[in-house]
Each structure stands twice: as C-alpha cells, then as structure tokens.
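Here is a short briefing for a first look at a protein chain. The points below are grouped by topic.

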Amino acid sequence: MNFMGNSLVCFVIVGNKSMRTPLNFLLLNLAVADILVGVLVLPVHVFASLYQRPRGLGGQIFCKIISSENISYMCGSVSEFTLVFIAYERYQAVVHPLKVRERITKLKTLVFIVLTWIVSFGVIVSWFFWIELDEDNKCDVKPQLKNIEKSTGDFLGLTSFAGSLLAMCFFYGRVLLTLRKTQLNNPIDRHQLAANRVKNRVVSMLCTVTILFALCWGSYIVVHLLNGFDYGTPASKISWLLIVFNSSINGFLYALFSDQFKNKLRQVYSKCCCFERMVRDEIKMNPEPRHNNNKRISDDCGASQNTKF
C-alpha cells in the first residue's frame with residue numbers, strides 16, 4: 001500500500017505538466033521519503049525476528065545503513081522539513097499573496113528539496129560510525145558511545161520535532177485566521193467564495209497530513225526516549241507500525257481532499273483499464289505485429305481520455 005500509493009503520487013506529479021507546481025513538488029519530495037520509510041522500516045523493524053542478519057563486512061554494512069535507525073531518521077527529518085516548508089508556502093500564498101520577493105518559485109522549491117536531503121544526511125552521518133555489529137550479531141551502539149548517542153539523539157529529536165511542530169502551528173494558524181477574515185468580509189462574492197473553498201480544502205488536507213505526522217512520529221520519539229534501541233518491545237513495534245501507516249496514508253489523503261489529484265488518479269486508472277481491455281481485443285482480432293498494436297492502443301486510449309475528461 002505504501003509503495004503503490006506514493007508511487008502513484010510521484011507518477012501523477014511528474015507525468016502531468018499542470019501538476020508541476022511548487023506545492024506539488026514538495027508533496028513529491030514527501031512521497032519519496034515515505035517510500036523509503038516503507039521499504040526500509042517495515043521489513044527491518046517490524047519483522048526483525050523473522051530473519052537472520054548477515055555476518056562479516058556485509059553484516060556491518062547492513063547494520064549501519066539498513067538495520068539501524070539512520071536511514072529511517074533521515075527520511076523522517078526530510079518529511080519534517082518538507083512539512084514545515086509546505087506550511088510556509090501556504091502561509092505566503094494565503095497571508096501574503098502580493099509579496100513578489102517572498103513568493104515560492106519552482107527553483108526555490110527544488111533548491112530547498114536538495115538542501116533537506118543534504119542537511120538530513122549531515123545530521124545522521126556521525127551515527128554511521130557509532131553503530132556496529134557486535135559479537136552476538138546484534139546491531140547496537142558502541143558501548144563507549146551509548147551515553148553520547150542517547151543524549152544527542154534525544155536532544156536532536158525533541159528540539160527538531162518541537163520546533164517544527166510550533167512552526168507549522170504558527171503558519172497554519174495564520175492561514176486559517178486569514179481565510180476566516182476573508183470569508184467574513186466577502187460573504188456575497190461568489191468567485192471569492194469559490195477560491196476560498198478550494199484553499200480551505202487544500203489547507204484541511206495539509207493540516208490532516210501534519211497532524212498524522214505529529215501523532216505517529218511523536219509516539220516514536222516518546223518510545224525512543226523510554227526504550228532507546230530496544231526494538232523487541234511491543235511499544236517499539238507499535239511505534240514503527242504507526243510510522244509505516246503515516247508514510248502509507250498520505251497519497252490517499254491527497255485523493256480524498258484534492259479534486260485535482262482525484263481526477264488525475266482517475267485518468268491513470270481509466271487509461272490502464274482501457275489499455276488492458278484493448279490489448280485483449282487486439283490479440284483476439286488482429287494479427288498485426290505487437291509493437292504496432294501497442295502504439296495504436298495507446299493512441300486510442302489517449303483519445304478516449306481526452307474525450308472523457
């Protein structure tokens with residue numbers, strides 16, 4: 001579900017020129033981070049008891065990159081920074097729509113996306129040297145560095161999470177107040193009401209994404225403060241499952257709240273069904289070479305989509 005939902009989000013944004021907006025580029029970055037979380041977290045932490053870690057150099061690499069929290073924490077940081085920037089983008093678009101200098105452009109967004117990955121990797125790069133595979137084939141922090149790792153991880157996790165949450169609350173609070181004032185001052189203007197309705201749905205979607213992120217990753221931080229690297233406890237497994245759930249649900253939220261995403265996903269689904277149906281018909285009825293059939297089928301499905309939507 002994680003890979004399918006987030007891959008569809010990436011496909012819709014990259015494959016449709018009209019969807020390549022600064023906000024959607026940020027949602028694309030969030031989807032990529034969610035895919036990595038789902039691919040790495042679920043098999044490693046939730047099903048940890050079902051596999052045996054390799055030994056030797058391969059085991060050390062597996063421990064430092066996959067089996068530890070490093071990559072998961074990096075993806076969580078990317079998601080956190082991206083959600084803050086999304087909140088700031090909505091704040092600028094709604095509260096200060098006429099400030100040209102502070103407008104969020106595609107170039108600024110792409111630069112920010114690159115910086116989020118660089119900064120997030122820089123935060124956890126030292127931890128690659130702190131964690132190793134011990135004699136019992138257990139991935140753990142080096143004994144002499146456990147206190148440093150615990151204090152550093154707790155400090156970075158709490159300050160980053162709390163700071164990001166406060167920033168998002170401030171930006172969305174200002175956005176909601178501005179939309180409320182606009183609705184009260186322009187109760188009869190139909191065009192303004194329609195525009196505000198769209199903005200309200202977008203803000204509602206983003207607030208829901210932010211709240212779910214805060215609840216799921218907040219529970220993980222609390223469990224980490226109490227249990228450290230002990231992944232075997234039920235609380236730890238539940239916290240990881242919540243993170244996987246959070247990384248899987250966003251694509252469905254976009255389809256639920258955004259008519260634009262919903263229409264694009266419907267087009268993708270209809271085109272796939274059209275292609276499959278016409279392939280079956282062509283195989284039965286037409287002995288032409290396969291590549292010619294596929295080209296005509298794609299053209300026919302494209303024409304059908306343009307007519308329908």
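Is Trp 217 buried or exposed? Trp 217 counts as buried, at 8% relative accessibility; buried means under 20% relative accessible area, exposed over 50% and partly exposed in between, with a 1.4 Å probe and protein chains only. This is a predicted model, in which local features need pLDDT of at least 70, side-chain atom pairs count only at pLDDT 80 or more, and totals for chains, interfaces and linings use all residues. Residues are numbered from 1 along each chain as its sequence is written, and side-chain values use heavy atoms, leaving out hydrogens and water.

**Fold and surface**
- The protein chain has 11 helices and 2 strands (DSSP runs numbered from the N terminus: H or I of at least four residues, E of at least two).
- From the N terminus, the order of elements is α-α-α-α-α-α-β-β-α-α-α-α-α.
- Of the 309 residues in the protein chain, 44% are buried.

**Aromatic pairs**
- The structure contains 9 aromatic pairs (Phe, Tyr or six-membered Trp rings with centres within 6.5 Å; planes under 30 degrees apart are stacked, over 60 edge-to-face, the rest tilted).
- Tyr 91 and Phe 171 form a tilted pair, 5.2 Å centre to centre with 45° between the planes.
- This pair links distant parts of the chain, with Tyr 91 in helix α4 (residues 70-95) and Phe 171 in helix α7 (residues 146-185), 80 residues apart.
- Both Tyr 91 and Phe 171 are buried.
- Trp 217 and Tyr 220 form an edge-to-face pair, 5.6 Å centre to centre with 85° between the planes.
- Trp 217 and Tyr 220 are separated by about one helical turn because they lie 3 residues apart in helix α8 (residues 190-227).
- Tyr 220 is buried, with a relative accessible area of 7%.
- Ring pairs join Phe 85, Tyr 88, Tyr 91, Phe 112, Phe 170 and Phe 171 into a cluster.
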